Amino acid sequence: PFSTPAVRQGLGQTYGVGEDVAGGRAAWNDAGYLVGVCAMGKERPGMRRYALMVASLFLSVATTAGMGLVNATGAMHALRFLGGAASGSCFVLCSSIVLDNLFAINRPVLGGLLYGAVGAGLALGGVIAGPFEAVGGSEAAWLGAAALCIPLAAIGCVALRPSVNHTPELPAASTTMQDRNAAQRRKYAALLMAYFLEGFGYIIGTTFLVTLVQTTGNSLELARTSWIVTGCAALITAPLWRMAARNGYVPMLVLALTLQGIGVLLPVLSDSAVAALSGGLLLGGTFMGITVLSLQYGVTLSDKPSAHTVAVLTALYGIGQIIGPFVAGMTAKSMGLSFAFILSSIALFIAAAVLLLAARDKEKC
């Protein structure tokens, strides 16, 4: 669902709270996301997996609508937690359903289309948030986003119903991680570490990009435009990153992480429109590419079912997402929001270095 990140971007302005409170609410959402991811890690193909996906989709819609109906801080935190749990569940279940089918027909490269759709949601949310808020305030923005999510959720339920797309569970690999050589284990461990760092680095950028651009550039319109650019870039580039990785995942992951680190830094280095829009372009143009590459690379390295591998990687990503907003909110009070963005870029550069170090052997990664 596109509603949560797009509307969440303006928490500081919409509700008159500081970055620390906005970061706290984002962290409650990400904590719920982690719970949802972990809860769905053992689900297998079949009607139960589909039913859980449907329930999660509509719980996400309901909690988004709820944000337009409550004002109490505790209630908002509870709704953000439940909404995060629903989103995390959807991510694991939808990913495992689609990846299982793509691997079964030997077309994993099409996975980029699935994650590119997240970019479409971000862009759409950025477009509709402003008009709804202008008409009826922040409550209308949340309620309007929820209303637009209903037909999108219905389409997903129809497209992924088992009678159309059910695929038997793929057989487990004959080897285990303990039997793999040291280089293979190093690659998997490096991927886990890098994806954790990506969660930390990415969430700071996406949660506070609009706030930073509005603060440094003194333009709400520029801030919203940078967010729309972020979403459009994610929509277009996720399939392209997957296609570019036909001959190896690691080189493309390293490139994407490096570009994302640069994109996070640009709005810090300059308050110009070019820096803001370029930063949004690099952030949006890489984060969903990193997701599709990391998840599919992880499935090739692990001997576990796809849902388990997606859940493990996404759980680590989610832990980074929980830590990131808290760190950003706290450091913003004493050292300014720009310092949090610098920490974000450092984490992303370290992630790229970790993958490079693990890929020193000459076999294709």
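A word on ground rules before we start. Residues are numbered from 1 along each chain as its sequence is written, and side-chain values use heavy atoms, with hydrogens and water left out. Since the model is predicted, local features need pLDDT of at least 70 and side-chain atom pairs count only at pLDDT 80 or more, while totals for chains, interfaces and linings use all residues.

Let's begin with the whole protein. It has 13 helices and 0 strands, where helices (H or I, at least four residues) and strands (E, at least two) are DSSP runs, numbered from the N terminus. Read from the N terminus, the order of elements is α-α-α-α-α-α-α-α-α-α-α-α-α. Of the 365 residues, 56% count as buried; buried means under 20% relative accessible area, exposed means over 50%, and partly exposed is in between (1.4 Å probe, protein chains only). As for contacts (heavy atoms within 4.5 Å), take those between residues at least 6 apart in sequence: 83% of them join residues at least 24 apart.

Now for a helix from the earlier part of the chain. H5 covers residues 73-104, and its 32 residues should span 46 Å at 1.5 Å a residue; the end C-alpha atoms are 46 Å apart, so the two agree. The expected span here is 1.5 Å times one less than the number of residues. H5 is mostly covered, with 24 of its 32 residues buried. After the helix comes Asn106, which has a positive phi near 60 degrees.

Leaving aside residues up to four places away in sequence, Ala275 touches Leu266, Pro267 and Ser270.

Just after H12, Gly336 takes a positive phi of about 90 degrees.

How do H11 and H12 sit against each other? Two packed helices are described by the angle between their axes and the distance between the axes. The axes of H11 and H12 come within 9 Å and cross at roughly 135 degrees. Axes are lines fitted to C-alpha atoms, for helices over the stretch in contact, and the angles run from 0 to 180 degrees between N-to-C directions. H11 and H12 are therefore oblique to each other: angles under 35 degrees count as roughly parallel, over 145 as roughly antiparallel, 65 to 115 as roughly perpendicular, and the rest as oblique. Their crossing is right-handed, meaning that the near helix is turned clockwise from the far one by less than a right angle, with anticlockwise making a left-handed crossing. On the H11 side the contact is made by Thr291, Ser294, Leu295, Gly298 and Val299, and on the H12 side by Thr309, Val310, Leu313, Thr314 and Tyr317. These residues divide into 5 nonpolar, 5 polar and no charged (Ala, Val, Leu, Ile, Met, Phe, Trp, Tyr, Cys and Pro count as nonpolar, Asp, Glu, Lys and Arg as charged, and the others, Gly among them, as polar).

For another pair, look at H10 (residues 249-269) and H13 (residues 337-358), which pack at about 165 degrees with their axes 8 Å apart. That angle is why H10 and H13 are roughly antiparallel. This crossing is left-handed. The H10 residues involved include Val250, Leu253 and Leu257, and those in H13 include Phe341, Ile342 and Leu348. The contact divides into 16 nonpolar, 6 polar and no charged residues.

Finally, back to H12 for Val312. Val312 is partly exposed because its relative accessible area is 27%, and its contacts beyond four places in sequence are Tyr188 and Leu192. Val312 and Val37 are 275 residues apart in sequence, yet 8.2 Å apart in space, C-alpha to C-alpha. Cys38, in helix H3 (residues 19-39), is partly exposed at 49%. Its C-alpha is 8.9 Å from that of His308, 270 residues away along the chain.
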